[in-house]
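This briefing is meant to be read with the model open beside it. Please follow each named part in the 3D view as you go.

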Amino acid sequence: MIELDHVTYTYPALPGDGEPRPALCDLSLQVDEGEFLLVVGPSGSGKSTLLRCLNGLVPHFYGGTFRGRVRVGGRDPVAVGPRGMSDLVGFVFQDPEAQFVVDTVEDELAFAMENLGLPQALMRKRVEEVLDQLGLAPLRARRISTLSGGEKQRVAIAAVLTLQPRILVLDEPTSQLDPQAAEEVLVVLRQLNQDLGLTVVLSEHRLERVVQYADRVLALSYPGGPVRLGTPAEVLAAIGQTPPLITLGKKLGWQPLPLTIKDGRPFARALLQEVDRRSGEQTTPPEPRPAPAVAPLVSVRNLWFRYNGHEALRGVNLEVRPGEFVALMGRNGSGKTTLLKHLVGLLRPGQGEVLVAGLDTRRAPVEEVARRVGYVPQDPGSLLFAETLQEELAFTLRSHGLLNPQAWQGAEGLLRRLGLSDFARRDPRDLSGGERQRAALAAILVAEPEVILLDEPTRGLDYGQKETLADLLRRERARGRAVIMATHDVELAASCADRVVMLAEGEVVVDGPTRETMTESLVFSSQVNKLFRDPRFVTVEDVLSYVKN
Amino acid sequence: MLEYHALAWVAWLTAAALPALLTRNPYYLALVILASLVTYLALDNRSPTGRSWGAFIKLGLILCAFSVPANALLVHYGDHVLFSLPADWPLIGGRITLEATLFGLASGLSLLAILLVFAVFSVAVPPAALLRLVPNFLHQAGVTVAIALAFVPQMIVSAQEIREAQQVRGHRFRGVRDLLPLFVPLLAGGLERAIQLAESMEARGFGHARFSSLSRRVLAARVASVMGLLGLAWGAFAYAYFPGQRLTGIAVLVGSTALLLISFWAMGKAVPRSHYRRWLWRRRDTALTLASGAVALLTLTLWLLDRPALMYYPYPPMAPWPPFRPEIGAAFVLLALPALLASGYRPATDGTRVLPISADRQDERPAEARRRPKEAS
């Protein structure tokens, strides 16, 4: 179905840069009809480029130099271009916000067919079929802007399915979605693959969700680096960055390597018995880090807030002390971002009070609160504007009236800590996703805030980048900062948060130590914890430390 | 939501905009406003477009209310003095006349009428339907405009996010240089989104041409359209500057217009494009179009042949009170027809929208009924 033969591709050189390196290097690949191929690899390894070769967006949309041979369903994408491939390869993009042309679901589904000039009767039939296939019939007359992220991605899939492609290519379709929405999309993909025999090529960062659906996995490392292709178990055993379950399985030498919690359960049961037998009696989980016995840095009392006519926050109480790391979890729309904005003074309480670093946000101006509290927004791109990272840091210092030689030395130390020293003179917009996230963090941390607020910091980051970020945040906590992070990422919360606060419908429904809350929850629980169902084991390190003893 | 064919709405727009633009007579204007208001209220004005026009109309009402005292206080001309302000008050001192008050009212009403008429049209006809009125060869340009418009709300949302993010970072607005932290992220973000949208459109076959762009036929059509444009310019020039050759000028104008239309049609053929939505022309569309045509014709005829019937000028030597002819007034009442013909149909509006070009519902009927659609009501 898909055949790549020694493909090498280089993006066009940007003015000012030297000779660019190829994004794909001598890549050969064969995919059979009806196969589900998962493409993995760190950011910048060429996943997107590879996928775009399959429908001719590379090289037609981007230019550059292309060598080698591609055949997709008997056609040559390099010769016919993306338009000529549109009825054979359906392509779904990362950002659910930026791929729709018209404003209602039904018209969006018809858009591609209208472009090809298909007869109306045929279009009617296909739209009905696709609506049923993806369970979108109840949404057919809805405006796309009113849909949730998961619904939007399903519409995006439906919009390419109406051309009845034989191959579906998806470029990280779930990286911008919360876990539930991502699940919705992946379930649909699996159905299409199994029920219709559609060939699916999917790139994805969060392997734990999809690895069980894939027939084969292609792991890219870096352009020109080693490429692995094989069954999921083979490839995952060989690559470095894997989900916690698989990392654990590899470390403990479990054979065959379990890919799902279900497969891992027998190993975990045996291990649990072993641990309990060896220590004679049930050991207790490590005591959670005691809350530091100092006055709280953040204190929210009975906070109510109305927003667009609905109660976004309903009587929230929260206290965070210096040196505490709190993960703020909950569905989309549960009030996480609204709460964070209250903590930095961007929103003011409708009722109740918010005290941050001794300042009452009802009275203190935002600038004053912001000097003590750092807020990193979801999209790092909304902060970065200067020509170099250095200027970016200088801007924050100057704005807060803190620009002096001593602060500047601190800034250089910060860049070193964040591993950004080499990029100080680079344009922050040219950095990769993870580096850009760290650059935004640097631009905020340079003012040495006592409280650090982060809104979904791991969107679109790969395992390595996430680990770097977690290390950084742990270090900031150790320096006595209070960290509050709104996130959907359970693994990140498990590995660095002391406390989990769960919001639902604007209310705090859970507030407790990470271990206990995770063990009690079915959904908001890390992979290792799901495997053992035991408060002693939440992360891979927990298990390894028990095994060593 | 009132379901009419977009072309019927265009006829209505013409019929309603003509009196709103051509007459200053407060009686007639009041009738046009009333008729448009009835139509507007029958529309789905809870949609985003409806809401934004709602704000516009409120603004129009305020302006209208403001123009009466403004004109009365500033223009001290006329025979019917209502009262006088001390003459040494700057600007507003002097006689306050009935004539000036009436003229202020007429100006305000005319502004309000124009606003309302366009509000009705843009709420009634969604962009998708308007886009479809664009001829095929201009289709890609039309889509571009539609996308640009759809980008605006997204840009507003991200502008708000950027402003907040920078504010928290200590950014304060002091001068033009401080625009940079707001503007650069907005532009860069917009560009990224635009690139992804372009990719997504291309991957779905947008701009797929039936003939290669250099085929002989397309080339011929392009040459013909250029010739048509040149002919138009030359004809207009001849008509305007050489009185002796008016007839030739007209002939050239007609000829080149025909050439242009033919070349546009030929270029449209090269873009294969079909429409998903069935566009129904129903009896009430005919009724609305005919009625609108009659109103438009009447207004134009009066304006060309009997201008005083529409004119209104309260100041001496004319009479301050406007004339009123019941038959003309009755004609303008006809503009409320869209609301009267299709009353009682209003779907839920929780983000749902039924386009007037509807493909649903019709298919449940037997085939012969579908071929010649009739309105049951």
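This is a predicted model: local features need pLDDT of at least 70, side-chain atom pairs count only at pLDDT 80 or more; totals for chains, interfaces and linings use all residues.

Two strands are said to pair if DSSP finds at least two bridges between them. With that in mind, 5 bridges join strand S16 (residues 451-455) of chain A to strand S17 (residues 482-486) of chain A, and these two strands run parallel.

**Strands around S16(A)**
- On its other pairing described here, S16(A) is joined to strand S15 (residues 373-376) of chain A in the parallel sense, over 4 bridges.
- A:Leu453 stands opposite A:Ile484 in S17(A), and A:Tyr375 stands opposite A:Leu453 in S16(A).
- Of the 5 residues of S16(A), 5 are buried; A:Val451, A:Leu453 and A:Asp455 point one way from the strand, while A:Ile452 and A:Leu454 point the other way.

**Nonpolar cores**
- The largest nonpolar core has 175 residues, and those with the most contacts inside it are A:Val201, A:Leu328, A:Leu343, A:Ala442, A:Leu453 and A:Ile484.
- When neighbours within four places in sequence are left aside, A:Ile484 is in contact with A:Val320, A:Val326, A:Leu328, A:Leu340, A:Leu343, A:Val451 and A:Leu453.
- Another core, of 49 residues, lies apart from the largest one, and B:Trp53, B:Val123, B:Leu288 and B:Ala296 are among its residues.

**Domains of chain A**
- Chain A is divided into domain 1 (2-240), domain 2 (242-284 + 522-549) and domain 3 (298-505).
- Between domain 2 of chain A and domain 3 of chain A, the contact takes 8 residues from domain 2 and 6 residues from domain 3, and the side belonging to domain 2 has 3 nonpolar, 5 polar and no charged residues.
- The centres of these two domains, domain 2 and domain 3 of chain A, are separated by 33 Å, taken over C-alpha atoms.

**Contact between the chains**
- In the contact between the two chains, 55 residues of chain A meet 46 residues of chain B.
- The largest share of the side of chain A that touches chain B, 8 residues, comes from H4(A), and this side as a whole divides into 30 nonpolar, 13 polar and 12 charged residues.

**Helix H10 of chain B**
- Helix H10 (residues 283-305) of chain B has 23 residues and so should span 33 Å at 1.5 Å a residue, which agrees with the 33 Å between its end C-alpha atoms.
- The buried residues of H10(B) include B:Leu288, B:Val295 and B:Ala296, and what covers the buried residues includes helix H1 (6-22), helix H11 (326-333) and helix H12 (337-341) of chain B.

Definitions and conventions: Residues are numbered from 1 along each chain as its sequence is written. Chains are lettered from A and ligands numbered from 1 in the order in which they are written. Domain bounds come from an automatic or database domain assignment. Two residues are in contact if their C-beta atoms, placed from the backbone, lie within 7 Å. Ala, Val, Leu, Ile, Met, Phe, Trp, Tyr, Cys and Pro count as nonpolar, Asp, Glu, Lys and Arg as charged, and the others, Gly among them, as polar. The expected span of a helix is 1.5 Å times one less than its number of residues. A residue is buried if 20 or more other C-beta atoms lie within 10 Å of its own, exposed if 12 or fewer, and partly exposed in between; C-beta atoms are placed from the backbone. A nonpolar core is a set of buried Ala, Val, Leu, Ile, Met, Phe, Trp, Tyr and Cys residues joined through C-beta atoms within 7 Å.
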